[in-house]
There are 6 protein chains.
Amino acid sequence: MPNENRLEEFRRYREQMNSRISEANHLGINRFFNLDTAAYHDGALPSKTKELLGLVASTVLRCNDCIDYHLIQCVQAGWSNEELTDALNVALIVGGSIVIPHLRHAVETIDLLRQET
Amino acid sequence: MPNENRLEEFRRYREQMNSRISEANHLGINRFFNLDTAAYHDGALPSKTKELLGLVASTVLRCNDCIDYHLIQCVQAGWSNEELTDALNVALIVGGSIVIPHLRHAVETIDLLRQET
Amino acid sequence: MPNENRLEEFRRYREQMNSRISEANHLGINRFFNLDTAAYHDGALPSKTKELLGLVASTVLRCNDCIDYHLIQCVQAGWSNEELTDALNVALIVGGSIVIPHLRHAVETIDLLRQET
Amino acid sequence: MPNENRLEEFRRYREQMNSRISEANHLGINRFFNLDTAAYHDGALPSKTKELLGLVASTVLRCNDCIDYHLIQCVQAGWSNEELTDALNVALIVGGSIVIPHLRHAVETIDLLRQET
Amino acid sequence: MPNENRLEEFRRYREQMNSRISEANHLGINRFFNLDTAAYHDGALPSKTKELLGLVASTVLRCNDCIDYHLIQCVQAGWSNEELTDALNVALIVGGSIVIPHLRHAVETIDLLRQET
Amino acid sequence: MPNENRLEEFRRYREQMNSRISEANHLGINRFFNLDTAAYHDGALPSKTKELLGLVASTVLRCNDCIDYHLIQCVQAGWSNEELTDALNVALIVGGSIVIPHLRHAVETIDLLRQET
């Protein structure tokens, strides 16, 4: 049974801990976070495409929090369910059945995101 | 010093061993190869976008042969060097410095591919 | 303290989300799921052996859901606790101490499965 | 919201399952656990340094339980928050943004450990 | 084109460097090597089965040297080409297309091993 | 048989391709390279310790080029063979037997580095 609030909890925990990390004032870590944000801004490739790249990278590396973060961005950027599913199929073929639990998680997250709007 | 013939050798070895694998007549393996090919055909997402997804997935998973294969497809699909570099930057941020040796390999492969044409 | 219901919850969530994924009607994904099922059917190797291979692959790749799924199949196929432990030892040696949290999970799952019968 | 008791639960579960694993009397597994413990004892390198190596290895391999275990040891060995953060920065650079969820977890664990004392 | 001597070179290099490592007289490392050898001896599972587990673990973790080592043992233990291929199919399904370059390598190694006898 | 010139070739190729990457003028990539360099400078932890952390991270992630790079730095920083071996033992225990081919490579690199001086 999906936890209806898990996206909200994820957003709150992520924000809270990112602040906590930033307070540690480690120049290298803070710069890395800035670079990470900038990597998905419009460049030679549009931001929308790069969020999809981030989603597939997160899926083959099997990180649910990273999948959720990029799905939030991808839905906001306007990707349809059909397009997201087609991207997740690439991740499934590249990464194999070990990716399936994360595919389940991703599909649940997409459903939760569509319910929010 | 880049080996000028390495792309040609890669293509020949890949084709030769794929035939050898197919001769083993394992239904599951042969079907997987068909699914793998089909995953990059036009669907909800165009083939061109999916090759870029394949490139980034291969880079964060650190597989040089897979990087070379998808770069061949990406160059053929019309992605420019600036766009490929921007996609590789996403892979670098997601995967970290452990990706750098594969970034070197990818940049060399792009150079070799441009020299072929 | 082990959650007594976690195997039941896993089975329910797995079934529910697999249906949800199948409803998306992505030909590639649905074919992959069929290939995945078929890979563990009797072939040159008996199904029983292949479930053990799936267990060890899931353990070195450190995926608890995959471990649980293959343990359910392995117990049903008739592997004893001593044989499962000997297989998990191979996974531990190959994969190192990073595998230990998943070894704990696997041993707990085996206990829960034996309690069910 | 951090679960205040999660370190206590982790310690209890870890101890309980390690006993359960040891009861299986698999010579290979029991010897591996002894080797694992011994690897962090004083040798050519002091134990304190080796716990920091274990922390960084656990972080780039993205295992929260292993991170928690080595943070408990690192705090006990006398590493300061600034030193732990500097080590985690190396893990972040080597492993990339996919490490960030585990960095959040590590920083939360450090806070919980400091509250205990 | 397969290098006809690569198995011989692998065996020589492996033996030479294992001696070199053993000369370092690190108790932990030497004990780990003994544990590694013992993990594939007859136990609750026969050695023959455990070599196949080692092969699949090595393949999903994508280590060519480890694949070669376990294939040498598997062929010596009497596994047929059809059985090895069926085991490699499990590794391919679990690990995905990123495993394919290692599948090529494995199939080439099997051919070289059959030519030796 | 170790290739006596492989460290020299590695250094030349690394420098050449890093220049080539830098010429692409991608701001994100160039900043990542700067962050990567800075991560190993003296901070809360001395540079010498951080190079050892980089070595162990590279070993458990099984990247030979990264291992070579950090070994060059570690030898220059003054770590003895006994200390390096003790650090590699931590990597072996954490990462398991799949690390062994990289342990062989690392030990060979250490020998080559000592011959240079």
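Hi everyone! Chain A has a mean pLDDT of 96, and 98% of its residues reach 70 or more. Keep in mind that this is a predicted model. For the complex, the predictor gives an ipTM of 0.96 and a pTM of 0.97.

Let's begin where chain F meets chain A. Four residues of chain F are in contact with four residues of chain A. Together the two chains bury about 340 Å², and carbon and sulfur atoms give 91% of that area. R31(F), F32(F) and L35(F) supply 87% of what chain F buries against chain A. By class, chain F's side of this contact has two nonpolar, one polar and one charged residues. And how many salt bridges are there between chain F and chain A? The count is zero.

Now, salt bridges elsewhere. Over all chains, the structure holds 42 of them. In one, K50(B) and D86(A) pair up through their side chains, at 2.8 Å from N to O. K50(B) sits in helix 3 of chain B and D86(A) in helix 5 of chain A, so this pair joins two chains. Are these two buried or exposed? K50(B) is buried, at 2% relative accessibility, and D86(A) is buried too, at 3%.

Next, look at chain E. E23(E) forms a salt bridge with R20(E), with the closest N and O atoms 3.8 Å apart. These residues are three apart in helix 1 of chain E, about one helical turn. Here E23(E) is exposed, at 54% relative accessibility, while R20(E) is partly exposed, at 26%.

Finally, back in chain A, a network of salt bridges links R6(A), D68(A) and E108(A).

Methods:
Residues are numbered from 1 along each chain as its sequence is written. Chains are lettered from A and ligands numbered from 1 in the order in which they are written. This is a predicted model: local features need pLDDT of at least 70, side-chain atom pairs count only at pLDDT 80 or more; totals for chains, interfaces and linings use all residues. Side-chain values use heavy atoms; hydrogens and water are left out. pLDDT is the predictor's confidence in each residue, from 0 to 100. Contact means heavy atoms within 4.5 Å. Buried area is the accessible area (1.4 Å probe) that two parts lose on being put together, summed over both. A salt bridge is a side-chain nitrogen of Lys or Arg within 4 Å of a carboxyl oxygen of Asp or Glu. Ala, Val, Leu, Ile, Met, Phe, Trp, Tyr, Cys and Pro count as nonpolar, Asp, Glu, Lys and Arg as charged, and the others, Gly among them, as polar. Helices (H or I, at least four residues) and strands (E, at least two) are DSSP runs, numbered from the N terminus. Buried means under 20% relative accessible area, exposed over 50%, partly exposed in between (1.4 Å probe, protein chains only).
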